Amino acid sequence: MAASALGWALRAARQVLPSPCAGQVRGYYVDWRMLRDVKRRKLAYEYADERLRINAIRKNTILPRELQEVADKEIAALPRDSCPVRIRNRCILTSRPRGVKRRWRLSRIVFRHFADHAQMSGIQRAMW
Amino acid sequence: STSSVLSTEKDESTPSRDTTTEVASKGQESTAETPKQKLIDIIGTMKVEVSYRNKQLKAREVKKQGTNKLEGPESEGATLQKATEDVQRGKPINPELLEAASAVASSLPLNKKQTVSELLAQLRRHEETTDRQKKGGTINIRNVISEMSIKRQSPAQRGVRISSRISLELDEDGQRIKPGRLSAQSSDSRSLKVGRRLNIFTKASTETENAPKTESPPTIWDLEFAKEVAAVTAQPPRNGFEEMIQWTKEGILWEFPIDNEAGMEDDAEFHEHIFLEKHLEGFPKQGPIRHFMELVICGLSKNPYLSVKQKIEHIEWFQKYFEEKKEFLQEM
């Protein structure tokens, strides 16, 4: 009860979007895990170039090893969320981490729900 | 007509010129004072000039004789004034007329000068009205018609015109292609910008309309107002089409037909992408670093997804990095 009240008070993760349209806008992510995933994606995008360059120095047989060790330390010093490996392709509607089809970014349950209600374009029940 | 009057009066003997000139000048001043009269005179001169050009030598001769006679007695300033006035008016005010008027006035028992001035005024008005009535209409029409020329439409041209009107060519959207606008400005022979200026309107000085704004950056209130206006005018979309339009404006929806190079404006030539060795000037010419950078350049030149700027940024970052590590490298 208290936990739910707290949850309600803090709400779900929110993004402040100045919405120009007058209709209903979803201003919240499904849950905190989704928010963290969003943060990771943003950071990964920011540090992508640097990581690429430092890795190019590291994965090398030409440059001296000392230089590569220095590069190792540098890349470890970058924020942890900046590496793309930590990104998880979650379902965009339910934030389910598993069973997500990449093409639709939906988990299998949501996909099935929409497909049965004929709201997925070009999807038909298989029968052969 | 005035010309005949002038020819007959040439032979008359000239009485005392000074009085007549004085009176004449006074008379002219009294008449010329009214601005309306001045305007009428100006218009009269314009028309009279044209008429004199078109007419024969008689008028010119008369004018010349009139000016000559005027130039004769150049004793007083009044005469010069009168001469200038006359020359301006374009009509020789007829010293003969003045003589006649003065003679008539002298014959009458009343105040001479007044009668002479009144007579002259009346005469002038009469002359002007007659002139205008006689030549005004004809001159105008003549002016206009002289510049116009009858255009003969050849049957071929007519056919073209008719066919251009009934053009059944359809665009892709199903709209008719316009038959190449007949520009209102230059239609065949005549154009609006050719011809003599009439000088009817005075050129209004173009007012500097808030040329420099007092506050160069828009104030916060202006921005707020603009935002309010935008919020009020942005009505929710009435149908799916408007929704899609809105999305396209925001950038959520792509523009159709899809342009593969939308947002990608790489104006650089291929040689800027491939030959990147000129950016390697900051690096040492020998050693492993050079070897490494050459490999980097080779990889970048094969990359079609990066713009030239991005490639240069990569190389510059490496340059900075290796400069920072120089001391470290030299220790080794």
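Tutor: **The salt bridges and their surroundings**

Chain A has five helices and two strands in its secondary structure, where helices (H or I, at least four residues) and strands (E, at least two) are DSSP runs, numbered from the N terminus. Along the sequence, these elements of chain A follow the pattern α-α-α-α-β-β-α. This is a predicted model, in which local features need pLDDT of at least 70, side-chain atom pairs count only at pLDDT 80 or more, and totals for chains, interfaces and linings use all residues. Residues are numbered from 1 along each chain as its sequence is written, chains are lettered from A and ligands numbered from 1 in the order in which they are written, and side-chain values use heavy atoms, with hydrogens and water left out.

Chain A has 128 residues, of which 24% count as buried. Buried means under 20% relative accessible area, exposed over 50%, and partly exposed in between (1.4 Å probe, protein chains only). Among contacts in chain A between residues at least 6 apart in sequence, 34% join residues at least 24 apart; contact means heavy atoms within 4.5 Å.

We now turn to the salt bridges. Side chains of opposite charge can pair when their charged atoms come close. A salt bridge is a side-chain nitrogen of Lys or Arg within 4 Å of a carboxyl oxygen of Asp or Glu. Over all chains, the structure holds 10 salt bridges.

One of them is formed by the side chains of R40(A) and D81(A), at 3.3 Å from N to O. This pair links distant parts of the chain, 41 residues apart: R40(A) is in helix 2 (residues 32-46) of chain A, while D81(A) is in the loop between helix 4 (65-77) and strand 1 (100-101) of chain A. R40(A) counts as buried, because its relative accessibility is 17%. D81(A), in turn, has a relative accessible area of 22% and is therefore partly exposed.

A second pair to examine is D72(A) with R58(A), whose side chains meet in a salt bridge of 2.3 Å, N to O. D72(A) lies in helix 4 of chain A and R58(A) in helix 3 (residues 48-58) of chain A, so the pair ties together parts that are 14 residues apart in sequence. Both ends of this bridge can be described by their accessibility. D72(A) is partly exposed at a relative accessible area of 31%, and R58(A) counts as partly exposed at 24%.

Another salt bridge is that of K325(B) with E74(A), where the closest N and O atoms are 2.8 Å apart. K325(B) lies in the loop between helix 13 (308-324) and helix 14 (326-331) of chain B, and E74(A) lies in helix 4 of chain A, so this pair joins two chains. K325(B) is buried, with a relative accessible area of 13%, whereas E74(A) counts as partly exposed at 25%. Salt bridges that share partners also join R40(A), D81(A) and R86(A) into one network.

Residues 24 or more positions apart account for 62% of the contacts in chain B with a separation of 6 or more.

Helix 13 of chain B packs with helix 12 (residues 288-301) of chain B at an angle of about 165°, and their axes are 11 Å apart. Axes are lines fitted to C-alpha atoms, for helices over the stretch in contact, and angles run from 0 to 180 degrees between N-to-C directions. The two helices of chain B, helix 12 and helix 13, are therefore roughly antiparallel, a term for angles over 145 degrees, while those under 35 count as roughly parallel, 65 to 115 as roughly perpendicular and the rest as oblique. On the helix 12 side of chain B, the residues making the contact include I289(B), F292(B) and S301(B), and on the helix 13 side of chain B they include K311(B), H314(B) and F318(B).

Finally, H273(B) is placed in helix 11 (residues 270-274) of chain B. H273(B) counts as buried, because its relative accessibility is 14%. Leaving aside residues up to four places away in sequence, H273(B) touches several residues, among them S301(B) and K311(B).
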